Amino acid sequence: MDLKLLLISTLLGVFCYSSAQKEGNECISANAKYCGECIQAGAKCGWCKDPEFLKQGETVSTRCDEIQSLRNKGCAEDMIENPRGDQTVLRDKAVTNRDITQIQPQKISLTLRSGEPQSFTLKFKRAEDYPIDLYYLMDLSYSMKDDLENVKNLGTHLMLEMSKITSDFRIGFGSFVEKTVMPYISTTPAKLLNPCTGDQNCTSPFSYKNVLRLTSDGKKFNTLVGQQHISGNLDSPEGGFDAIMQVAVCGDLIGWRNVTRLLVFSTDAGFHFAGDGKLGGIVLPNDGKCHMENNIYTMSHYYDYPSIAHLVQKLSDNNIQTIFAVTEEFQPVYKELKNLIPKSAVGTLSANSSNVINLIIDAYNSLSSEVILENSKLPEGVSIAYTARCKNGVVNEGENGRKCSNISIGDEVRPERDCVWKAVQKNKSETIKIKPLGFTEEVEIVLKFVCECDCHKEGIPNSKHCHFGNGTFECGACKCNEGRVGRQCECSSNDVATEDMDRTCRKDNGTDICSNNGDCVCGTCECKKRENPEERYSGQFCQCDNFNCDRSNNKLCGGHGRCECRVCICDYPWTGSACDCSLDNSTCMASNKQICNGRGICECGTCKCTDPKFQGPTCETCPTCPGVCTEHKECVQCRTFGTGEKKDTCERDCSYFNLIKERDANDCWFYYTYAVNNNTEKEVHVVETLDCPAGPDIIPIVAGVVAGIVLIGLALLLIWKLLMIIHDRREFAKFEKEKMNAKWDTGENPIYKSAVTTVVNPKYEGK
């Protein structure tokens, strides 16, 4: 089955000249003086090479802007320089099921434009029957004595089990204990020869020993391991990191091939790491090099233990996948270590290592089913971000974006990546490599950087366009030689501030140099740039700008035009100093289809009523109109309700207008409007609902009801007052009666006793 895995990497590269990221319009902020500098500012930036593009007062850097902005400013499409990146596959050998080629393509060349993504796809496929090298590194301290007995037969048994996975399997063996100077500093020589207690016969301690180079002879493995003897150590942690470092870097001695490399690290104790060597007087950091003589590590007394980061680097560089086979007691420690070492696994070792074969098989299956991409050291300023789309729609991002799990033999992994760059000085190509961890196959990516425009090749050195050959005419502008300045390199940099040149930069003697909006360079004003890139000064003396025009509704030129040299150029149909006056009179049309109801004029889309009696948006409202209302009142009344002074002469006197009658009523107020339609006919509109007062018969009824309610209220109030008086009198009488029945004087407390006692002495006679 095919595995659809998408890994997207973003390669952020190096600016050719500046690594600073500008805010806002990065093209304008770059202040580019030539085309190459412009295109490095960002992917959206282009350069107009039209020699006639610049207006008076504009600097050369105005040629650099976003592509659409250049078009809007009038630069023709064929005059815009906007080079793009590309890619070329240089080596593309197909992956196969029974071949060591597992990744495709093998070499790609990318030409990167600053800020522009370049996408390419990789294919990774796990091959069947892939060769495996396994090196078994064992702790031979005394606590591992019973484990050694089980490992002595490991070779042939492991060969048999691994043959189910691959037909090409090799196995090797090494052992470690501890640095000879660490816990034995004050120990007697006899103790060093036999570090075990009691009558146990142990070999002398050692740091690391390569017992058997990788071989396909399982019986030889059993024989040599059977000849090993347990040693001893006086402290708990072991020197396993020294051994792992030598196994990783001594590839020729171990016999590693360019195949799957497995290192099984078996122990029942912890580990020493960088800095612990000081306990034995060792201060030199581990150099990460091979120091083996006669298959024994000879510099353990000279170099400190390696750090975890140093081990990670060396294991990764040499494509070694580590399996930590440790006892249950030390599982937490080695699981934390596993999190720091990519492509590593931890298995629980039984007390006597009897389960070591199953542990190795399970750990190998776990490691080989996971694909983790790793890249080599990136050039300065370059970074890669990954996104992986794995099986079952799982999407991994960030650090997890480098990997996918549950990959079976024959599955295809298709990593797709986007490369984008931003850069420091970079005039030569760079090469990076991407590979799946634990495998030797890799993709070589050659990075080339677009640092110049295509028109750069057509530059004319010492061109006559650049003031007698003082510069190179390139991409429509002069690139001045050293020491020369000006649009045409017409001045020496030492002469740019002379008083004579300043005179030509003043409109008259009473004005500032370049209107205080620019600098006088070689007698020509070069206008300053604004913080807002959309705002700019222009003109021979920088006297013009595009942001100081009249405003309407807090918008420049009312939002209906553009500002040129402080004057609004209005879009149709707008006019006025702030483009706030519309020539469209549709908003002045009244309901009778007359402009302003025939009683006003339309100015800037708004009616200005000429008849003082009328008002409103279209001069149709007449709130008072006293003359009109008095003039037609009787006619409207008689024609609408058949009442009023003219009810008898209504037909004769009141037929001069058309009446639109809605509803009849009697003895009510009524309201109407008077107007003249397009046919010059007079029309009166009467409201549908009349304002009628209450009838005369209802008044006595309402008055009677109100009076009744008032009388009832007064009666209830009097009854309540009478009841309260009776209640208060009864309570007062009851109080007086109880007062008369009191049994003690109200001035004394009947339970009071004085604290003073008087005793009379019978013998006292007053003398």
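Modeller: A term to begin with: buried means under 20% relative accessible area, exposed means over 50%, and partly exposed lies in between (1.4 Å probe, protein chains only). This is a predicted model, so local features need pLDDT of at least 70 and side-chain atom pairs count only at pLDDT 80 or more, while totals for chains, interfaces and linings use all residues. Residues are numbered from 1 along each chain as its sequence is written, and side-chain values use heavy atoms, with hydrogens and water left out.

Colleague: How many salt bridges does the structure hold?

Modeller: Side chains of opposite charge can pair when their charged atoms come close. The rule asks for a side-chain nitrogen of Lys or Arg within 4 Å of a carboxyl oxygen of Asp or Glu. The number of salt bridges in the structure is 14.

Colleague: How many residues apart in sequence are the parts that R257 and D133 tie together?

Modeller: The two side chains meet in a salt bridge, 2.8 Å from N to O. R257 lies in the loop between α9 (251-254) and β13 (260-267), and D133 in strand β10 (residues 132-139). Helices (H or I, at least four residues) and strands (E, at least two) are DSSP runs, numbered from the N terminus. Because the partners sit in those two places, the pair ties together parts whose separation in residues is 124.

Colleague: With which other residue does R257 form a salt bridge?

Modeller: The closest N and O atoms of this second pair are 3.0 Å apart. The pair links distant parts of the chain, 89 residues apart, with R257 in the loop between α9 and β13 and its partner in the loop between α5 (154-162) and β11 (169-176). The partner of R257 here is D168.

Colleague: Where does K179 lie, given its salt bridge with D242?

Modeller: The closest N and O atoms of D242 and K179 are 2.8 Å apart. D242 lies in helix α8 (residues 240-249), so the pair ties together parts that are 63 residues apart in sequence. D242 is buried, and so is K179. K179 itself lies in the loop between β11 and α6 (189-193).

Colleague: Which residues do shared partners join into one network?

Modeller: R257 has salt bridges with D133 and with D168. Salt bridges that share partners give one network, made of D133, D168, R170 and R257.

Colleague: How many disulfides does the count come to?

Modeller: A disulfide is a pair of cysteine sulfur atoms within 2.5 Å. One of them joins C250 and C290, with sulfur atoms 1.9 Å apart. By this rule the count comes to 21.

Colleague: Is C290 buried or partly exposed?

Modeller: C250 has a relative accessible area of 3%, so C250 is buried. C290 has 37% relative accessibility and therefore counts as partly exposed.

Colleague: What handedness has the link of C455 and C475?

Modeller: The sulfur atoms of C455 and C475 are 1.8 Å apart. Both C455 and C475 are buried. With 100° about the S-S bond, their link is right-handed.

Colleague: In which helix does C650 lie?

Modeller: C638 and C650 form a disulfide, their sulfur atoms 2.1 Å apart. The torsion about the S-S bond is about 70°, so the disulfide is right-handed. C638 lies in helix α14 (residues 626-641), and the pair ties together parts that are twelve residues apart in sequence. C650 lies in helix α15.
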